[in-house]
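Let us walk through this fold one piece at a time. Keep the sequence and the 3D view side by side.

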Amino acid sequence: SGSSARGVAAAPAQLRALASLVGRFTPSSRGMAALGIAFAALDPARAPLLIECGAVQAILELACDVNEEPEAQGAAALALALMAGQEELRSTMLAGRALPALEALLSSRNPDAVRCAACALAEVAAHAEAPARIVQALPPPVLVMICRSEDQVMTSDGVLIASLISCPMTR
């Protein structure tokens, strides 16, 4: 139980370190740090800490870098998809650069990054102010690409996004 208490106390320091590492060193280390943040995002109780330590902003910055290595993009996209499923984190993402980040990830060479970005965009589209912002921020070919994908998961995300942006009152 003593080591358990230390683990809980160390969590904020560990998340701050991961948020810092997302923007540093090699693509591999940035990707591993992003995976650590994705893992932390699985626990809704950690949402305030992820916001406080700058992890959301760090992941958005990593995702916006179109020159980033595909593996790091995949990790960033996974983190965003997991964060987008929680209202508090989704709101923070939208207050930041969520849409440019997701647009960048949707053009990644990493198919997992593209799939996770489409999933995150579908989650973001459910946010009250998001549909109008999505229409303004993302060019129509991006949305068409998601809807016409051969990947069934992406196609269903695309249909959901299209329905939310075309009929926002149905939410």
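Leaving aside its neighbours within four places in sequence, which residues is Gln57 in contact with? Thr92 and Gly96. Contact here means heavy atoms within 4.5 Å.

A word on the ground rules. This is a predicted model, where local features need pLDDT of at least 70, side-chain atom pairs count only at pLDDT 80 or more, and totals for chains, interfaces and linings use all residues. Residues are numbered from 1 along each chain as its sequence is written, and side-chain values use heavy atoms, with hydrogens and water left out.

Gln57 sits in helix H4 (residues 55-64). Helices are DSSP runs of H or I, at least four residues, numbered from the N terminus. Gln57 is partly exposed, with a relative accessible area of 32%; buried means under 20%, exposed over 50%, and partly exposed in between (1.4 Å probe, protein chains only).

Now go inside. The largest nonpolar core has 59 residues. Such a core is a set of buried Ala, Val, Leu, Ile, Met, Phe, Trp, Tyr and Cys residues joined through side-chain atoms within 4.5 Å. Ile59, Leu80, Met83, Leu121 and Ile134 touch the most other members. Helix H8 (residues 111-125) gives the most to this core, with ten residues. Beyond four places in sequence, the contacts of Leu80 include Ile59, Met93, Leu105 and Ala120.

Finish at helix H10 (residues 140-147), whose buried residues are Val142, Leu143 and Ile146. They lie on the same side of H10, because they cover an arc of only 95 degrees around the axis, taken from the directions from the helix axis to the C-beta atoms. They pack against H7 (98-106), H8, H9 (130-137) and H11 (152-166). The face turned away carries the exposed Pro140 and Pro141.

Conventions: Helices (H or I, at least four residues) and strands (E, at least two) are DSSP runs, numbered from the N terminus.
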